[in-house]
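Please consult the sequence and the structure as you read.

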Amino acid sequence: MKLIHGYLCFLCFVSLSFASPIPILYGTEDFLKKEDTLPFIETKKEKKDKIPIVWGGSSLTQEERVISGFPVKVFILGGGAYIMHKTIKLSAREIEIIGEEALLGNLKGQVIVEDFQNGVTLTATRGVYDKMAGTVSLENQPVLTQKKDGKIVKIKCQSIVRNLEEAKTSLAGKVVVTSDEFQVFGEDALFSEKEDRIDLKGEPFLFSESRFLIGQTLSYFVKEGSIQLDGDATIYQVSYENKKDKEKEVVSKERVLTLFSGKTLTHTNRGKETVTAMKGDANMFRNNAEFKADLLESRKNNKEIKATGNVSYLDKENGYRMEGGLLFYDKEKGYSYLSESPKIVFLNKKDLVERGQLTSVFLERFDERNETVARGDVQVETQSAKATGEFATYYEKKDELVLEGNPTLVRDATKVSAGKIILYPKSDKALLTDGLKVIPNGEKK
């Protein structure tokens, strides 16, 4: 008997799937022209653009219902119930199909939507399928999982509406995006698989290892693993860096908090290289230093930094500020190069009040030695003197500036030259050595 019953169900399903539409779903020509027809009533034009639908299950129940005043046939599928929307499979413990063409479907219990072409699976406990709109709506803590190119991204939220034709998903209410690299939290999101992009609004924030990012909008490009954060973008980063005690000759790990802010943050994966860039009023702040520029770019996990436009680096510990138009910094080598009207501003360590300045063609700084070398048309101003030369070396710890290359010094209307001039900008002292010579007024050296 079970075999006969199953066979009859199968014949019923086949006949319902391929038979002509039953006239009960259709009215007069005047009725079809009304604009407020129900979603499960097709017009003649709609019939030409039918999406082929296959549906089935291990059990089938058919009944008549009145929906919005219209008699409609409803098919209830159970036990492995499913609907195929082209290549997309929608399955559930029970599915109510409204109308013979499956224009609407109510999915109940263990809902699974599988988009094989895009590697996307959606799960929920309840869903609604709309054939004409080409959408499925999911509620009760739905989850979207994408497995593509060896990467897995999982998105949780309160409700999901997926456009099956365009492979776009709208996610609303406490959206959480999780990947192998980080977690993103936001209120609303749009996931476009064809563009390989997730857009989040409502001031989303992102967690990764030792980092916290926040902004007004965030876009995540899944395949590349790239991020764009717009609108007052900010990064909070904790790192542990080597700190050397020269007296005890001991190296210890120091916890360093870095605050990185600007208008737009981008984190781009270019093969094995990653580039993090902050554009528009970029500011990197640490307890003992501050870095500003129009654009800051970081490579190799902050080991290489490039800054362009209104560059300013403040060293609070050593009491100076470097300014210019273009800066390169190599952390592994401990080397900085500053050009485009570079300047050193000498500051009092206690209150950071300006005590003098130096300009040149370009500047080089060596971290290990705490030295800065200025080359080409060096000009120095202190509280009471002006000096010039071809190149100079500034020893930060001693606040000592050695000016060489035909150096000259002007103080109290007296101009002198020497083989070497040593200045102490913060204390406004000078020492002249090697062939001191006074240059009369009007005479060029």
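The side chains of glutamate 96 and lysine 108 form a salt bridge, with 3.1 Å from N to O. The term salt bridge is used here for a side-chain nitrogen of Lys or Arg within 4 Å of a carboxyl oxygen of Asp or Glu. Glutamate 96 belongs to strand β4 (residues 88-98) and lysine 108 to strand β5 (residues 104-115), so the pair ties together parts that are 12 residues apart in sequence. Helices (H or I, at least four residues) and strands (E, at least two) are DSSP runs, numbered from the N terminus.

Glutamate 96 is buried, at a relative accessible area of 8%, whereas lysine 108 is partly exposed, at 35%. Buried stands for under 20% relative accessible area, exposed for over 50%, and partly exposed for values in between (1.4 Å probe, protein chains only).

## Basis of the model

The model is predicted: local features need pLDDT of at least 70 and side-chain atom pairs count only at pLDDT 80 or more, while totals for chains, interfaces and linings use all residues. Residues are numbered from 1 along each chain as its sequence is written, and side-chain values use heavy atoms, with hydrogens and water left out.

## Further salt bridges

A second pair consists of glutamate 193 and arginine 162, whose closest N and O atoms are 2.9 Å apart in a salt bridge. Glutamate 193 is in the loop between β12 (182-192) and β13 (197-201), and arginine 162 is in strand β10 (residues 159-163), so this pair ties together parts that are 31 residues apart in sequence. Both glutamate 193 and arginine 162 are buried.

Glutamate 400 and lysine 398 also meet through their side chains in a salt bridge (3.8 Å, N to O). Glutamate 400 is buried, with a relative accessible area of 14%, but lysine 398 is exposed, at 52%. The whole structure holds 20 salt bridges.

## The chain as a whole

The protein chain contains three helices and 34 strands. Of its 445 residues, 42% are buried. Among contacts (heavy atoms within 4.5 Å) with a separation of 6 or more, 36% are between residues 24 or more positions apart.

The accessible surface of the protein chain is about 24,100 Å², and carbon and sulfur atoms account for 51% of it. Accessible areas come from the Shrake-Rupley method with a 1.4 Å probe; for residues, only the protein chains shown count as cover.
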